[in-house]
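Take a moment to look at the fold before reading on.

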Amino acid sequence: MAIAQVRRALGGANRLHHGGAGRDEQVARRDLEPTDGPRHQWQVLTPKPTRRPGKPLQRRRNDAASRDGLGERPAVADQGVQLARAELPRQPIEHELTAAHADQPVVSQYDPRLGLVVYHPPMSSPPPKTADTGIAAHPANRLGLDYAAQARCLGDPTAPIIDVHSHINGQTAPEIYRRVADLYGVSLTYSMTQLEEVEAVREILGRRVRFIAVPNYTGEDRKHHHGLGFEERIRRFHELGVRIVKFWAAPRGIDFGREIGEPDLLRLDGSTRLKTMELAADLGMIFMTHIADPDTWFAAKYADASVYGTKAQQYEPFEELLDRFTVPWIAAHMGGWPEDLEFLSGLLSRHDNLYLDTSAAKWMVRELSKHSRDDLVAFLRRWQGRIMFGSDIVTSDEHIKAGEKENELHTRANSADEAFDLYASRYWVFRTLFETDYDGESPIADPDLAMVDPDRYDEMDAPQLVGKSVPPDLLRSLYHDAAHDLLEPLHRDEC
Ligand SMILES: [Zn+2]
């Protein structure tokens, strides 16, 4: 059956392709040049007379790899990789689409059962149905990829991946995560697991997981749980062998504090925080932090700078504390400013104890794709050893359960298969971004596009993912060596 290809004809440089199209269609976007038609206009294109479901991944750029003298990995295209759809049709998704970014723990709503707090309110519009099957596209798999087959096609990473940033929780979800990690070559994962779940997660992942101390985000008495309560937890985490503490300080923490009349509750340099940092440093722990959110959020959610400050202002207390606490700091999400590599270079040059992780898939795909390959590779080369791989994967048993809709986590996945796709999609986009020269739409819906420009985008749209073919020596550092060199010495006593 012929399946229409649809594409939104967008003017300007930021061209996107709509994700609600049928999953059987060929996404031959390189053949599709933009038209001069008005924005928002849909164009129906003649389908290709092929039954192939996907577009071949492009040949990995190996010239730089050869120059580095470390040998070429087989190009992805050499292995005949296709963006193949799953062999079995997926189950319909009956829930409403949400564009959750539940990766962030502190926000304005929370689920008392989960210990995770969610940010975005559920979206009201249902996910688009594909034209041929009526099956809804899933926000983690807009392109209908078979993520297990894709992992096999990508092959082993240049080095076993250490994921320094995740949130592994649950009794069953970690088993799904383990399968994903196996497939994508992730050998060790650092996780911000709730203290109460550490043992259960350790039972499933064994020595492949280490933990990062976090406060009890869902405790009723926020003042206690982010003060003395956090100190108690840090000691208990430390006894369990944990050597990293997370100090989360995104601007929306102001709302979290304001709800109890303590707007400075999560201020990075608030007096309680400083005491907690003293304790953690005395225990020999290093710090992870979350300083800023995407530029898109400052354009929309944080537009009122009198409440949240500007994005640059988020870094003022951070830079003071980098000097005050000379322990290593890992600033999550490319330090909070992947949009501006020059700013990050300034930050890294001013503070030798600063490291960055790459976590937050949607954000990184959207913003790192925009940098030229040369710029990103030059950045990674200059700061080799200080940029570490992180995913920000969040696992929860709620992802596996069908039904109930009052909790946003349900709507991100409703079955084991969907949970698998949710987790695997993160590693797929990161490895594709770093290792290949794929140039096509991301399989993960990015609602930030609609948040900033609702007339042009909907919640299922996604940005271009532009692979950067990072040379193998830099990949090795990013995936493994940087984290290994920094973190392994903290765990010597485990052997
Ligand atoms: Zn995170």
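This is a predicted model: local features need pLDDT of at least 70, side-chain atom pairs count only at pLDDT 80 or more; totals for chains, interfaces and linings use all residues.

Residues are numbered from 1 along each chain as its sequence is written.

Start with the whole. The protein has 18 helices and 15 strands. Both are DSSP runs numbered from the N terminus: helices are H or I with at least four residues, strands are E with at least two. Of the 495 residues, 51% count as buried. A residue is buried if 20 or more other C-beta atoms lie within 10 Å of its own, exposed if 12 or fewer, and partly exposed in between; the C-beta atoms are placed from the backbone. Two residues are in contact if their C-beta atoms, placed from the backbone, lie within 7 Å. Take the contacts between residues at least 6 apart in sequence: 75% of them join residues at least 24 apart.

Now find the sheet. In general, strands of a sheet pair through backbone hydrogen bonds, either parallel or antiparallel. Here nine strands form an open sheet with parallel pairing, in the order 12-11-10-9-8-7-6-5-13. Two strands pair if DSSP finds at least two bridges between them. Strand 12 (387–388) and strand 13 (393–395) are the edge strands, and each pairs on one side only. Helix 18 (residues 472–487) packs on this sheet and touches strand 5 (161–168), strand 11 and strand 12. The direction of helix 18 makes about 80 degrees with that of strand 5. Such angles run from 0 to 180 degrees between N-to-C directions, and axes are lines fitted to C-alpha atoms, for helices over the stretch in contact.

Three bridges join strand 10 to strand 11, and the two run parallel. I330 stands opposite Y355 in strand 11. Which way do L354 and L356 point, and which way Y355 and D357? L354 and L356 point one way from strand 11, Y355 and D357 the other, and all are buried. Helix 11 (residues 311–324) belongs to this neighbourhood: its buried residues pack against helix 9 (295–299), strand 10 (329–331) and strand 11 (354–357). Among those buried in helix 11 are Y315, F318 and L321.

Next comes helix 13 (residues 361–368). Eight of its eight residues are buried. Their cover includes helix 14 (373–382), helix 16, helix 17 (448–452) and strand 15 (464–466).

Move on to helix 3 (residues 173–184) and helix 16. They pack at an angle of about 35 degrees, with their axes 9 Å apart. The contact involves residues including I176, Y177 and V180 of helix 3 and F420, Y423 and Y427 of helix 16. By class, it has twelve nonpolar, no polar and one charged residues. Here Ala, Val, Leu, Ile, Met, Phe, Trp, Tyr, Cys and Pro count as nonpolar, Asp, Glu, Lys and Arg as charged, and the others, Gly among them, as polar.

What about the core? A nonpolar core is a set of buried Ala, Val, Leu, Ile, Met, Phe, Trp, Tyr and Cys residues joined through C-beta atoms within 7 Å. The largest has 110 residues, and V180, I212, I244, M388, Y423 and L478 touch the most other members. Helix 16 (residues 416–435) gives the most to this core, with eleven residues. Leaving aside neighbours within four places in sequence, Y423 is in contact with I176, Y177, V180, I393 and T395. Apart from this core lies another, of five residues, among them I254, F298, Y302 and Y308.

Finish in the loops. Most residues other than glycine have a negative phi. A360, however, has a positive phi, near 95 degrees. A360 sits in the loop between strand 11 and helix 13. Why does A360 count as buried? Because it has 26 C-beta neighbours inside 10 Å. D392 also has a positive phi, of about 70 degrees. Its place is the loop between strand 12 and strand 13. D392 is buried because 24 other C-beta atoms lie within 10 Å. Last, N414 is found in the loop between helix 15 (408–412) and helix 16. N414 and K401 are 13 residues apart along the chain, and their C-alpha atoms are separated by 5.2 Å.
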